[in-house]
Amino acid sequence: MEYKKPLITVNILTYNNFDYLEETINSVYFQDYPNIEIILSDDGSSNYDSDYIKKVTSKKPGNIRKLQIIHHEKNIGTVKNLNNCIRNANGDFFIGLASDDMFYE
């Protein structure tokens, strides 16, 4: 019987700061862990650009099992945004990553 590794949910909260988002997402993509879910949740940013988000998430590697993109039309606040991510998470483990933070390879 093959051992299946637990699903890890990485949530990335954004609000009006997309300067390092591509590097943040790539830092998750570069992980060698084989079972990752990403939830990218924007909290009503005035400069939200769905085309940019699609571009920076388009290179999804095989270890990313699911990618959810959530965009709130109005700012709901960090706590509600985070709670919404938790409700949408499917992982056995949950880790938060700010939109200007990065994981080591």
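This is a predicted model: local features need pLDDT of at least 70, side-chain atom pairs count only at pLDDT 80 or more; totals for chains, interfaces and linings use all residues.
Although Asp43 is buried, its side chain takes part in no salt bridge, and the nearest side chain of opposite charge, that of Lys80, is 9.5 Å away. A polar atom of the Asp43 side chain does, however, lie 3.0 Å from the backbone nitrogen of Gly77. Leaving aside residues up to four places away in sequence, Asp43 touches Thr14, Tyr15, His72, Lys74, Asn75, Ile76, Gly77, Thr78 and Asn81.

Asn81, one of the residues touched by Asp43, belongs to helix 3 (residues 78-88), in which Asn81, Asn84 and Cys85 are buried. These three residues cover an arc of only 100° around the axis, which means that they lie on the same side of helix 3. Val79, Lys80 and Arg87, by contrast, are exposed on the other side of helix 3. The buried residues of helix 3 pack against strand 1 (8-14), strand 2, strand 3 (64-71) and strand 4 (93-98).

Helix 1 (residues 21-29) is mostly covered, with 7 of its 9 residues buried, namely Leu21, Thr24, Ile25, Asn26, Ser27, Val28 and Tyr29. The partners against which the buried residues of helix 1 pack are strand 1, strand 2, helix 2, strand 3 and strand 4.

Note on methods. Residues are numbered from 1 along each chain as its sequence is written. Side-chain values use heavy atoms; hydrogens and water are left out. Buried means under 20% relative accessible area, exposed over 50%, partly exposed in between (1.4 Å probe, protein chains only). Lys and Arg count as positive and Asp and Glu as negative; His and the chain ends are not counted. A salt bridge is a side-chain nitrogen of Lys or Arg within 4 Å of a carboxyl oxygen of Asp or Glu. A polar contact is a pair of N or O atoms within 3.5 Å; within protein, one must be able to donate a hydrogen and the other to accept it, and residues adjacent in sequence count only if both atoms are side-chain atoms. Contact means heavy atoms within 4.5 Å. Helices (H or I, at least four residues) and strands (E, at least two) are DSSP runs, numbered from the N terminus. The arc is that of the directions from the helix axis to the C-beta atoms.
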